There are 2 protein chains.
Amino acid sequence: MKRNAIIGQSGGPTAVINASLAGVIKEAKERGFHHIYGMFNGIQGLMNEKIIDLSAFDDEKLRGLAYTPAMYLGSCRYKLPEKDDDLYDRVFSILKKLEITDFFYIGGNDSMDTVMKLSGYAQKKGADIHFIGIPKTIDNDLFGTDHTPGFGSAAKFVAGTVLEVIYDSRIYKVKSVTIVEIMGRNAGWLTASAALARSAVQDRPDLIYLPEVPFDINRYYEDIAELFKTRNNIIVAVSEGIKDEDGHFIDEKRTAKDVFGNTIHGGVGKLLEELTLSRFGCKVRSIELNVLQRCNIRNASLTDLKEAVLIGEEAVRAALKGETGKMMVFKRSAPYQIDVACADVNDIANQEKTIPLSWVAPNGHDIGAELYDYLTPLIQGEVALPYENGVPVFMDIRHLI
Amino acid sequence: MKRNAIIGQSGGPTAVINASLAGVIKEAKERGFHHIYGMFNGIQGLMNEKIIDLSAFDDEKLRGLAYTPAMYLGSCRYKLPEKDDDLYDRVFSILKKLEITDFFYIGGNDSMDTVMKLSGYAQKKGADIHFIGIPKTIDNDLFGTDHTPGFGSAAKFVAGTVLEVIYDSRIYKVKSVTIVEIMGRNAGWLTASAALARSAVQDRPDLIYLPEVPFDINRYYEDIAELFKTRNNIIVAVSEGIKDEDGHFIDEKRTAKDVFGNTIHGGVGKLLEELTLSRFGCKVRSIELNVLQRCNIRNASLTDLKEAVLIGEEAVRAALKGETGKMMVFKRSAPYQIDVACADVNDIANQEKTIPLSWVAPNGHDIGAELYDYLTPLIQGEVALPYENGVPVFMDIRHLI
């Protein structure tokens, strides 16, 4: 049977989503697929028949792709409706026209919802297409997999950046608090990675606040006051998603009007900065790591990059074995080794995996030993990017207007 | 004559100040200096006799030092008074007690002021000590030198980061403006470096606003509107220090009270974010690169790192030749080659070098060809840092409390 694949990317970027795309293309080429298509801007692009033929990608282009952050095919944030036969029929008629046998979708929670719905519809209608989800997210919040591609690179960026900030913050002999705000609304995996900045010669960050643990501002003040007894410079790693005891985001309280009458939405870092300044009158600075967490390929984890390629390759193998309605997952064995398997996408879509409370330190503002052991292997190895004129060489993405 | 050196660091950090420190120690050791002292927290530490003996640093430690960002000796922000004989006498009695023959001070404008005042006092009192300033600043705003150590690494970080942000911003098919706020209150060198993200395959950032060019918000709106005619995703690089026609900082207008009654000081990036949102109603995001610009060693410029070591070495050679009251400077020749020379510190201290207006593009929101040619050599080459457990290995700085 002649096989034709189509691949899409969806949701927010990571440093290594294109590495998974490269893995799919590479394996599909090797396994003799006739056409390998890409859909621009995810399922929305497919519905508008914005399609590119990727079959001609050679090894050099695949390597360039693996080293390019964000999404070569562009993305969308679109959830398929529960029921809309016209819409689903249109999608499947386009897939039929292209003679698609295998559909790969690289994304997070919402993207797995797309895989679930399309594979469900195919089953109902008897369409013989394999729908395989390939996970990615810096948040590491997908069920069914040991971790997600993209997380290791984001975690390595956070750890290395927090380490540099620690060195930066320490030079003056004045009391100071430096607050680093890290992504993750509900899952604290990325914030927890700040702990990996520690080594035999330095024990900061001092405080790590995860969204899994209710945040109490008075407890925070006590933590800071206690630390000031023995050190001048305090480093706080805080998740953007910390919540109070009632589950309200702390940064919900942070809105104001500027002199133009516009509403200011500041993050939790800025809020803590102001509260700390009011309370202690010391030097305070907040740093929002922002999108660098999800697009920084220069400091990517080699482990993560390799695994991202591997999971793309394995997705093709799974489809060839007849799997459908599955998300590819990582299984870990000790000493650290990763095998790739399939899990039913129905068990994964639309859920969030957070840090087990048993992995949080008893004091509530640090991580426990098991979480260290879990995180450390994921950030190992550095990537040697190609550079030209002092900046990294990335793929041409001018097709994304 | 037995020579004893003392070295201090002062002002804000850069990624490669410790590389200059390593250069001084290395050369002083090779030239047979008896003692090589460091003062903790700059001239303030010296006055309190907080001194460390660095003479035992071997090659391995010197290499580790060169790869450690920020300041191994700690810093201060302290300007010596114009006249206070008691204070100056105290400084010189400490230097005499240590039998110091050569005084090296690594810093920016204010640090050169310290070198100027101490060398002037020494001359007045007939003290035979050589005072040599070694420049550093990410702002690149010192007179008398082609560029400053530390700037190239910051510029490379800005260029690479803006490139990654460009890729990140481009994935969605919706109109968006991404604003990157870059350090530099009065000198736009670092903001200009955002232009180095451009290559044969991508022409962003779209707009670059320097502090040297008066900023007009209506002109900004016109620039954005014009770009939206042909592209969805606009990238703006803006200096934190842009000013209106009357020379007032744009972000002066940006203060507000939050719900706690605290004053919010936002940067110009946040301000432009809100104004752009109000005006265009599109997706807008602002990113403040913050202290990463000055402490990111992972993505340092190899050219910058090597030059920082070299200028430290040359400072020792200059002192041995009898120079005093001098700052070490870079002289450039074409094709790019750097020689190190001395300049009178009186001509350098307390001044700021900004971008010549002839190097700004005629449209006022971009850089000209000469500035490209000036900047490009400074960011060449990548640094292979030592890593352990997935994070860089830096020197132990636990002596900075």
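Helices (H or I, at least four residues) and strands (E, at least two) are DSSP runs, numbered from the N terminus. The model in these exercises is predicted.

**Exercise 1. Cis peptide bonds**

Find where Pro335(A) sits, and state the geometry of the peptide bond from Ala334(A) to Pro335(A). Then do the task for chain B.

Solution. 
Step 1. Pro335(A) belongs to the loop that joins strand 12 (326-333) to strand 13 (337-344) of chain A.
Step 2. Omega of the bond from Ala334(A) to Pro335(A) is near -10 degrees, and the bond is cis.
Step 3. In chain B, Pro335(B) lies in the loop between strand 12 (326-333) and strand 13 (337-344). The bond from Ala334(B) to Pro335(B) is cis, with omega near -10 degrees.

**Exercise 2. Relation between the chains**

Work out which rotation superposes chain B on chain A, and name the kind of axis that relates the two copies.

Solution. 
Step 1. Two copies of a chain are related by a rotation about an axis and a shift along it.
Step 2. Here the rotation is 180 degrees, the shift along the axis is 0.0 Å, and chain B superposes on chain A with an RMSD of 0.0 Å.
Step 3. The copies are therefore related as by a two-fold rotation axis.
Step 4. Both copies use the same surface, since 100% of the contact residues of chain B recur in chain A.

**Exercise 3. Packing of two helices**

Describe how helix 1 (residues 17-30) of chain A meets helix 11 (residues 302-320) of chain A.

Solution. 
Step 1. Two packed helices are described by the angle between their axes and the distance between the axes.
Step 2. The axes of helix 1 and helix 11 of chain A come within 7 Å and cross at roughly 40 degrees.
Step 3. With that angle, helix 1 of chain A is oblique to helix 11 of chain A.
Step 4. The crossing of helix 1 of chain A past helix 11 of chain A is right-handed.
Step 5. On the helix 1 side, the residues in contact include Ala19(A), Gly23(A) and Glu27(A). Among the residues they meet in helix 11 of chain A are Leu305(A), Ala308(A), Gly312(A) and Val316(A).

**Exercise 4. Cysteines**

How many disulfides are there over all chains? Decide also whether Cys76(B) is buried or exposed.

Solution. 
Step 1. A search of the whole structure gives 0 disulfides.
Step 2. For Cys76(B), the nearest cysteine sulfur is that of Cys295(B), 19 Å away. A disulfide needs sulfur atoms within 2.5 Å, and Cys76(B) is in no disulfide.
Step 3. Buried means under 20% relative accessible area. Cys76(B) has 2% relative accessibility, so Cys76(B) counts as buried.
Step 4. Cys342(B), at 29% relative accessibility, counts as partly exposed.

**Exercise 5. Positive phi**

State phi for Glu99(A) and Asn290(B), and locate each residue.

Solution. 
Step 1. Glu99(A), a residue other than glycine, has a positive phi near 55 degrees. Glu99(A) is in the loop between helix 4 (85-97) and strand 4 (102-107) of chain A.
Step 2. Asn290(B), also other than glycine, has a positive phi near 60 degrees. Asn290(B) is in the loop between strand 11 (283-288) and helix 10 (292-295) of chain B.
Step 3. At 5% relative accessibility, Asn290(B) counts as buried.

How values were computed:
Residues numbered from 1 in each chain as written. Chains lettered and ligands numbered in written order. Predicted model: local features only at pLDDT ≥ 70, side-chain atom pairs only at ≥ 80, totals over all residues. Heavy atoms only, no water. Buried < 20%, exposed > 50% of the residue type's maximum accessible area, 1.4 Å probe, protein only. Least-squares fit on C-alpha atoms with pLDDT ≥ 70 in both. Contact = heavy atoms within 4.5 Å. Axes fitted to C-alpha atoms, helices over the stretch in contact; angles between N-to-C directions. Parallel < 35°, antiparallel > 145°, perpendicular 65-115°, else oblique. Left-handed = near helix turned anticlockwise from the far one by under 90°.
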